[in-house]
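Subject: Structure handover

Hello,

Here is the structure we talked about, with the sequence alongside. Please have both open while you read the notes below.

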Amino acid sequence: MKRLLKGGTVVSGSGAIRADVLIDGEQISAVGLGLEAADAETVDVGGMLLFPGFIDAHTHFDLDVCNTTTADDFYTGSRSALRGGTTTVIDFACPNKGESLQYGLELWHRKADGKSACDYGFHMTIDDWNEDIRRELPAMFDQGITSFKMYLTYPAMMIGDQDLFSALVALKELGGISGVHCENSGVIDALIAEALASGQTGPEAHPQTRPSPLEAEAVGRLLRMAQVADTPVVIVHLSSEAGLQEIRAARARGQKVFVETCPQYLLLDDRVYFQESYTQAARYVCAPPLRKPADCRALTEALAAGEIQTVSTDHCSFTLAQKDAGRDNFTKIPGGLPGVETRGVLTYSALVAGGVLSCGQMARVLSENPAKLYGLWPRKGVIAPGSDADIVVYDPQADSVITAEGQTANVDYNPYEGYRTTGSIRSVYLRGSLAVDQGNVLAGSHGQYLRRGRYQL
Ligand code: MN
C-alpha cells in the first residue's frame, strides 16, 4: 500500500523543509516537493510538522523493582510510547546476579515478543562480571545487542570499579558502548542510614540523601576509568550541573562522552518532594532525584548548546498504590516516573515553542542521535528514502492539557498533570501503518525486535 503525506514540513536533525513524503509499504520511497502518485492514498498534512518517529532509548517495562513490578508492561508501555510519537523503545534486559546474559535476553524477549505495539530493542545490563559473562559478549552482538548498562550504585546491580573497568575494556574491543548510572553508592547509603536513624522517613529525605555532588563524583570517577580504558561512554539520565561540569572536564581532556538527560530533569525540580501530602511527594521519587531549578537551567542550556546528545525518559511507572509502600520509610518507595508518552509533546512545548531548541534540534535529540548512538541509523531516526516509515504528524496549533485521565500508560497519575501543551500529536505511522490517529492507538502487537548495529555517533 502507498500513502502520500502532502503539504507538510519534514523535520530532520539538519532542519525543517517543506516536502511531501511518499510511503510504499513499510518504507519511505520519496521525499520532495510536488510528489504525485496516482495509486497512493493522499493524506493532507498541510500545516503539520513531520518528525521522524521518536526513539526512547531508556525505558523499563515489566521490570521487578522493590518487590513489585512496574505498572507498564510491554503491552501498555508500547501503546503509551506510540501515543506519544515514540515508534521505537530500547528497554533494558536485566539478568540478576548469577544469571547468564543469554538468560536475561531470552527473558526480555518473552516479555516483549508478540506484545509490543512499537518496535523495540534491548540494552543488556551487566550487573555481574566474570569469565563466563565475558565469553557471552560476542553472542550478544550476534543477537543485535550492542549497548550495555552498568551501575555505580544499587548493591543488587553494581559491579565495582575493577569489574566495571574490565567490562569497559572488553566492550571496547567488540565495538560496544556502555551507559552508566552514576551515583556514589556508599555515601548515599551512609546518608540514608543517618536520615532513618534521626527519624527522617518521608519523601523529602530522598533528594537530601542523594545530593548532586554524589552524581558528580560518580560521573567523574567513571570518566577517569573511561579515560584509562580509552573508550567513549554514555552518561545516562544526567540530572545535575555538577555532573555536567565533570563531563565538560573530560571533553576538555579530549574524551568522547555521550550524554542523555530526561524531561523530568529539565522541567521539574526538587520542590515537589517537600509537599505536605505523602502521595503528592512520593510520586516523584526516582533516582537520580529531581534537582534544583538551577540544575534544570544548566541542563537546558547544555541541551541547546549540543552538549547533551539525547533526551530519553527512564520510564519506570508505578501506581500511587505501589508508591504507597514507602509511607513509613522513603527507601521503600519504588523509584521511577512514567514519561514515555509525554516526551515529544513536552520537548516541543517547553523547548521548541519556548525558544530553546529548533525543530531540527528536537529531531536530533529525540530521533537522529539515539538512532546513531544505538546502531539503528539510517533505518530509524530520519524521514528519507529507504528508511522505515516511522513518522510523527505534529499539529503545532492543537494545544492540549496533559492529564492522567487522558493517558494510555497504565498509571493513575501523570507527573505533568495540568500542563498546557503547545500543539499535540495528530497521528503516528509505524513502518507505514497508521498506529495512532487523534489520540487513539490503532496499532496491534506488531512491534518488531530490532537487531542493532554498532554505535556511529
Ligand atoms: Mn533507568
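A residue is called buried when its relative accessible area is under 20%, exposed when it is over 50%, and partly exposed in between, using a 1.4 Å probe and protein chains only. This is a predicted model, in which local features need pLDDT of at least 70 and side-chain atom pairs count only at pLDDT 80 or more, while totals for chains, interfaces and linings use all residues. Residues are numbered from 1 along each chain as its sequence is written, and side-chain values use heavy atoms, with hydrogens and water left out.

The manganese ion has His58 (NE2), His60 (NE2) and Asp314 (OD) as its protein donors, lying 2.2 Å from it; donors are N, O and S atoms within 2.8 Å of the metal (3.2 Å for Na, K and Ca), and sites may look incomplete because water is not among the atoms. Histidine 58 is buried at 0% relative accessibility, and aspartate 314 is buried as well, at 12%.

The structure also holds 12 aromatic pairs, where rings of Phe, Tyr and Trp (its six-membered ring) pair if their centres lie within 6.5 Å, and planes under 30 degrees apart count as stacked, over 60 as edge-to-face and the rest as tilted. One of them is the tilted pair of phenylalanine 51 and phenylalanine 54, with 5.8 Å centre to centre and 55 degrees between the planes, and both of these residues are buried. Phenylalanine 258 and tyrosine 455 form an edge-to-face pair, at 6.1 Å and 70 degrees. Phenylalanine 258 is buried at 4%, whereas tyrosine 455, at 24%, counts as partly exposed.

Best wishes
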